[in-house]
Amino acid sequence: HNNNLFIRVLMIMLLSCATIRVDFCFSSIPSSLKALPLEGNFSFNENEFAARDYGNQYHFLPLAVLHPKSVSDIAITIKHIWQMGPLSRLTVAARGHGHSTRGQALADQGIVINMESLREQKMQFNTGRFPYVDVSASELWIKILHESLKHGLAPKSWTDYLHLTVGGTLSNAGISGQAFRHGPQISNVHELEVVTGKGEVVNCSDKKNADLFQSVLGGLGQFGIITKARISLEPAPKMVKWVRVLYSDFSTFARDQEFLISSKKTFDYIEGLVIINRTDVLNNWRSSFSPQDPDQASKFISDGRTLYCLELTKNFNPDKVDTVNQEIESLLSKLSYIPSTLFMSEVSYIEFLDRVHTSELKLRSKGLWDVPHPWLNLLIPRSKIKAFSQGVFGNILKDTNSSPVLIYPVNKSKWDNRTSFVLPEEDIFYLVAFLFHAIPSSSGTDGLEHILTLNKRILEFCEVAHLGVKQYLAHYTTQEQWQVHFGQRWEVFVQRKLAYDPLAILAPGQRIFQKGI
Ligand code: FAD
């Protein structure tokens, strides 16, 4: 009995010592960080901006924010934390533009690296036969577009919104209406420079350190911090013909979308929108789009219905306007939309690509940009999209108010299955994006609670109906859920984590691995 008591007392003393040691280490961290030989600096106060993101639902204050001036600042900081070993609780999150929606770029009492302080590097263009640009991963896509256009070039694959960083979108995938043709942004990058979770700076590509290259693409920031990227470019068009047509039957809409993404001669951008119970949807478009048949369009009544809008663009240069008009006419003649709902517009390439920024400015002026964004993004196998639409549109989701709900198919053949990105089964899958925003003080249908319940019901429906859905920009709270998400790819993901960030220092906001466990 005495021996047992002795062992217990000894264990308590040892545990207390370990805790005191960790706490001691923790309290001495700011001074150890300040002592690092950096060109940039740490801030320990006024870091509120790094405690939030675009989703506006999570708030975790970091211990410090690193404002790096060079890649070596990032490497020195991570190496320092790596050398502290597993007992230190410090984690590191790269913060691109902070446009995640579920705290993915936050680090509770850890270090946030404010990647945007790196942005000073000049972009290096190669304008040869296979053009590309070398950029800092902290660069915003909008700036890359502006600079590329000076050389008559542009990246091939986009996101709908361009005020996001290269590192942020490459850590996810970067999907938009060009993905059916060019693949996502992660299929359009040749080389990366990465700082691993051990503080090593590594150049990687398909040929050199290929496993790290594939790991980091779609890797949710788990294997390294991307510091530079070589992005594939193509000749940029000057103008865009922008087309919108409506369907009331989902199957017809989906059939036309799939026909278009599988055709050789087709549009340059193909997306879709679901519109539920919105009055005067066509009238809202009239400021920027012209109806092909104004008389018939004015008679079209959208009240209360569930409609599907196919959104298309065709790029062109002004000297080829007749040719592009003929091509569009020929393609549209093969589709089965409601004839009176054909709307067209003509804008510059840059105006089209930066279109969401125009909406951002409008929403900001109404105080509707910095509100909670409980988004839900799903990837759905083609064979299940009809069941999904029947179960969700107009049933679980009774109206789309002013929140866009996007839906469009992409070809799996344009994705590289060696990256960390998890793809649904089947050759074609749909991206369905519920881009909800909540009104902060509302307890009604536009309030956060209501929308979160809606998201939960949609996910439960997918599970019960066995739709084989994967979340994009996924949010889970337990490792078991992540394991299910990755499925057979989980083992590879864990192996890669052990190889490149064995102490689980990086991207704690994704909640996949916990440091020290
Ligand atoms: P952050 O939110 O800052 O970071 C995202 C994650 O990546 C975090 O885990 C972070 O730690 C990690 N990270 C950031 N930088 C690096 C780096 N350099 N190296 C390694 N890890 C890093 N996505 C699409 O695919 N298609 C769309 O059309 C699209 N439209 C959007 C429209 C809007 C208005 C918004 C707000 C988002 C949209 N997104 C879209 C989602 C967007 O691609 C992701 O949220 C992306 O992560 C945002 O980039 P960011 O620079 O803000 O990254």
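The side chain of Thr419 has a polar atom that lies 3.2 Å from the backbone oxygen of Asp416. This is a predicted model, in which local features need pLDDT of at least 70 and side-chain atom pairs count only at pLDDT 80 or more, while totals for chains, interfaces and linings use all residues. Residues are numbered from 1 along each chain as its sequence is written, and side-chain values use heavy atoms, with hydrogens and water left out.

Thr419 is located in the loop that runs between strand 17 (405-411) and strand 18 (428-434); strands (E, at least two residues) and helices (H or I, at least four) are DSSP runs, numbered from the N terminus. Because its relative accessibility is 2%, Thr419 counts as buried. Here buried means under 20% relative accessible area, exposed over 50%, and partly exposed in between (1.4 Å probe, protein chains only). Residues up to four places away in sequence being set aside, Thr419 touches Ile186, Gln214, Leu217, Arg489 and Arg496, where contact means heavy atoms within 4.5 Å.

Arg230 belongs to strand 10. With a relative accessible area of 19%, Arg230 is also buried. The side chains of Arg230 and Asp134 are joined by a polar contact of 2.7 Å. A polar contact is a pair of N or O atoms within 3.5 Å; within protein, one must be able to donate a hydrogen and the other to accept it, and residues adjacent in sequence count only if both atoms are side-chain atoms. Apart from neighbours within four places in sequence, the residues in contact with Arg230 include Tyr132, Val133, Asn188 and His190.

| Residue | Atom of the residue | Distance to an oxygen atom of the ligand |
|---|---|---|
| Thr165 | polar side-chain atom | 2.6 Å |
| Gly168 | backbone N or O atom | 3.3 Å |
| Asn172 | polar side-chain atom | 2.9 Å |

On its own, the ligand has 960 Å² of accessible area, and the protein covers 95% of this (Shrake-Rupley method, 1.4 Å probe).
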